[in-house]
Amino acid sequence: MRSRTGRELLSFDAMSAPHLPQIRLYQNWLKSQRGLSFDSYDALWRWSVTDLDAFWQSIWDYFKLASPTPHAAVLAESKMPGAVWFAGAQFNYAKQVFRHVEQAHAAGFAALLSLDEKGLEAGAPRSLSWPDLRRQAASLALHLQAQGLQPGDCVAAYLPNSPETIVAFLAVVSLGGVWSICSPDMGTNAVLDRFRQIEPKVLIACDGVRYGGRDIDRTGVLAELRAALPTLEHVIVHRILDATDSIADCAYFERAVARNDAETEAFEPLWLPFDHPLWIVYSSGTTGLPKPIVHGHGGTVIVALALKTLHNDIGCSYSPNSWGDRFHWYSSTGWVMWNAQMSGLLNGTTCCLYDGNPGGSKDRPDWTTLWRFAAKMGVTFFGAGAAFFASCMKAGVDLSQVGDLSRIRALGTTGSPLSEEVQRWGTAQFEQIGTPDVHRAGPPQASTAPSGGSDPHAVGERGGGIWWCNISGGTDFAGAFIGGNRELPQLPGQMQCRLLGCAVEAWNESGQPVVGEVGELVCTQPIPSMPLYFWGDVGNARYISSYFDTYPNVWRHGDWLKIDPSGACTIYGRSDATINRYGLRMGTSELYSAVEALPEVLDSMVVDLEYLGRESYMPLFVVLRDDVVLDGVMKAKLNNAIKTALSPRFVPNEIFQVEQIPRTLSGKKQELPIKKLLLGQPMDKVINRDAMANPASMDWFLAFANRRAQEGSA
């Protein structure tokens with residue numbers, strides 16, 4: 001009988017692949033290659049965080065990572081910050097992606113499949129093959145090289161979630177350029193707060209985007225960016241709306257990627273030091289400009305492979321065990337989940353991109369959008385922010401009516417805590433569809449101890465139906481601390497485990513680890529993807545103050561965490577005053593800059609009351625001039641200021657006029673005490689009036705908190 005070719009197998013249902021859990025395959029490898037076996041996931045995890053050298057060397061070897069020069073040590077300096085990983089090794093993110101070109105293409109799999117809003121309604125998915133991904137990246141890299149781009153030069157991007165953006169990224173980093181991107185839904189001020197800090201040499205931008213059923217011209221923002229970034233030497237425009245007639249002295253993206261000759265064929269990404277800067281991402285605190293966080297090539301890749309493969313159970317598309325895997329995680333380019341989605345390419349996985357509003361348009365809300373996309377694409381792993389799933393439940397979405405979702409075997413969530421109610425809703429929806437029990441698709445046999453808990457669990461005890469891979473981590477280290485394990489029990493509202501290599505604990509106010517209690521999420525050992533540094537941060541002052549000022553040499557993440565005796569984890573929201581709006585973090589200072597630029601506003605304060613899986617509720621409190629009233633017109637003006645400077649995502653739920661904003665004696669806004677008060681903590685536990693400049697201001701907020709509590713219990 002003639003064996004089927006890779007292309008013929010494209011019609012073969014990916015669910016027919018064995019899909020043995022990736023974490024089980026890794027443990028089988030540990031046993032056969034290292035002589036290591038563990039009777040529980042807890043034992044495996046403890047080994048991974050106590051013998052860091054052995055664990056991370058095993059990840060290097062398991063994924064067959066390569067360097068032309070050997071590393072002298074896995075962890076040459078074990079300290080935070082400043083850990084030195086794989087000293088002497090050379091690496092390049094793009095090389096790891098392109099190593100899959102021949103095998104993936106021979107098997108008939110695309111690198112990228114994509115749709116935008118118009119394509120979802122009317123067209124077939126766009127497909128970018130692995131060879132074309134490499135050729136286009138090489139063409140653009142040669143173009144940038146001809147413009148003088150050198151290793152270490154910064155390239156700023158203002159682009160949507162499209163294949164062109166990934167091509168641009170791979171071209172930049174293949175040359176050792178340092179990539180940094182902002183989403184086109186961000187206003188000029190927010191973008192400049194980021195890009196001004198890094199002094200980019202090149203800008204790659206779009207002329208506009210299609211979002212929520214509308215074409216949004218961004219040529220005005222592009223002109224403002226060019227005028228405000230004096231270090232720019234070259235601009236490349238990706239024409240989406242064909243509105244670039246008014247933009248002079250720029251190259252066009254489609255021409256820069258069109259080259260196809262011997263030089264593009266021979267192009268190879270540069271070998272770079274393991275810790276060469278890869279990209280700059282931004283995470284906002286409560287004060288100052290967004291933090292420009294620099295991650296390295298090697299550390300980012302090795303952590304991404306461990307996370308995506310072992311914990312998210314996303315396999316290589318051309319591997320028989322995970323044949324046909326298609327990975328989708330909805331994200332804008334302004335969220336680190338865009339980086340995470342792209343990292344599927346590192347292990348040879350086809351990535352599925354959607355560029356558009358996941359909830360339809362303002363005039364025609366439609367929370368079936370992403371599900372219809374997933375059905376059309378044949379997605380096997382479907383990820384999105386927790387708020388997306390909550391919105392689907394509230395909208396009454398019936399997943400049996402959106403197309404064939406039978407290939408989806410896993411759901412991923414992050415960005416905010418996923419409530420038990422929403423998870424149960426999603427599980428019931430997939431039970432209605434008839435999704436196979438993925439826990440029965442290859443957990444260990446009865447004679448083998450599972451990789452979770454302290455006691456073996458029979459397969460039937462693990463919970464059937466769709467598997468939820470709920471993760472929590474951050475932009476800060478381009479990874480996750482807590483997440484999934486296909487072999488562990490799953491309980492709605494919880495995450496299954498602390499991830500391998502992540503020495504995560506919950507600490508009480510005395511700095512002691514606690515189990516079964518809510519505490520500060522800390523990490524006591526370094527991870528390869530932790531920041532190299534903040535761009536332009538002299539003496540690591542901002543870096544240290546962001547993560548290490550509370551507990552010296554221990555990473556404090558800023559989340560409330562409870563670890564159960566079983567090892568399962570629950571995140572209870574932010575422990576600081578940073579806004580976490582639908583998975584996107586923004587510093588309160590950025591919102592204040594937008595609001596307080598209005599002449600009518602004297603002072604302001606905002607808090608995000610996301611906690612324990614509740615829907616995000618973000619009130620804005622403003623002090624207005626004596627002759628100004630907070631009417632509908634003024635509220636619209638405030639909202640428009642936020643939309644323009646930041647993003648529509650950060651428009652508050654409600655706006656309140658107050659006489660004063662509570663401040664400390666040193667003048668700092670009392671954001672965190674107000675947040676705790678509104679979350680139900682008693683006044684005497686959250687604030688010391690004697691340490692306030694205006695203690696009477698608390699009376700209004702106490703009354704407001706009491707009203708909210710009464711309404712909530714009514």
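# Close-up views

**View 1. Lys-637 is partly exposed, with a relative accessible area of 36%.** Here, buried means under 20% relative accessible area, exposed over 50%, and partly exposed in between, using a 1.4 Å probe and protein chains only. The model is predicted, so local features need pLDDT of at least 70 and side-chain atom pairs count only at pLDDT 80 or more, while totals for chains, interfaces and linings use all residues. Residues are numbered from 1 along each chain as its sequence is written, and side-chain values use heavy atoms, leaving out hydrogens and water. Lys-637 forms a salt bridge with Glu-600, and their closest N and O atoms are 2.5 Å apart. A salt bridge is a side-chain nitrogen of Lys or Arg within 4 Å of a carboxyl oxygen of Asp or Glu. Glu-600 lies in the loop between helix H19 (588-595) and strand E31 (601-606), and Lys-637 in helix H20 (residues 632-645), so the pair ties together parts 37 residues apart in sequence. Helices (H or I, at least four residues) and strands (E, at least two) are DSSP runs, numbered from the N terminus. Is Glu-600 buried or exposed? At 13% relative accessibility, Glu-600 counts as buried.

**View 2. Arg-486 and Asp-313 meet in a salt bridge, at 2.7 Å from N to O.** Arg-486 sits in the loop between E22 and E23, and Asp-313 in the loop between H13 and strand E16 (326-329), 173 residues apart. Arg-486 counts as buried at 2% relative accessibility, and Asp-313 counts as buried at 3%. A network of salt bridges links Asp-313, Asp-325, Arg-409 and Arg-486. In total, the structure holds 26 salt bridges.

View 3. Glu-420 is partly exposed at 40% relative accessible area, and Arg-424 is partly exposed at 47%.

View 4. Beyond residues up to four places away in sequence, Asp-355 touches Leu-115, Asp-116, Glu-117, Pro-160 and Asn-161. Contact means heavy atoms within 4.5 Å.

**View 5. Strands E21, E22 and E23 form an open sheet in that order, with antiparallel pairing.** The edge strands, E21 (472-474) and E23 (497-498), each pair on one side only. Two strands pair if DSSP finds at least two bridges between them, and 3 bridges join E21 to E22 (residues 479-483). Ser-472 stands opposite Ile-482 in E22.

**View 6. Trp-56, Tyr-93, Leu-133 and Trp-179 touch the most other members of the largest nonpolar core, which has 204 residues.** A nonpolar core is a set of buried Ala, Val, Leu, Ile, Met, Phe, Trp, Tyr and Cys residues joined through side-chain atoms within 4.5 Å. Another core, of 34 residues, lies apart from it and includes Ala-386 and Phe-388.
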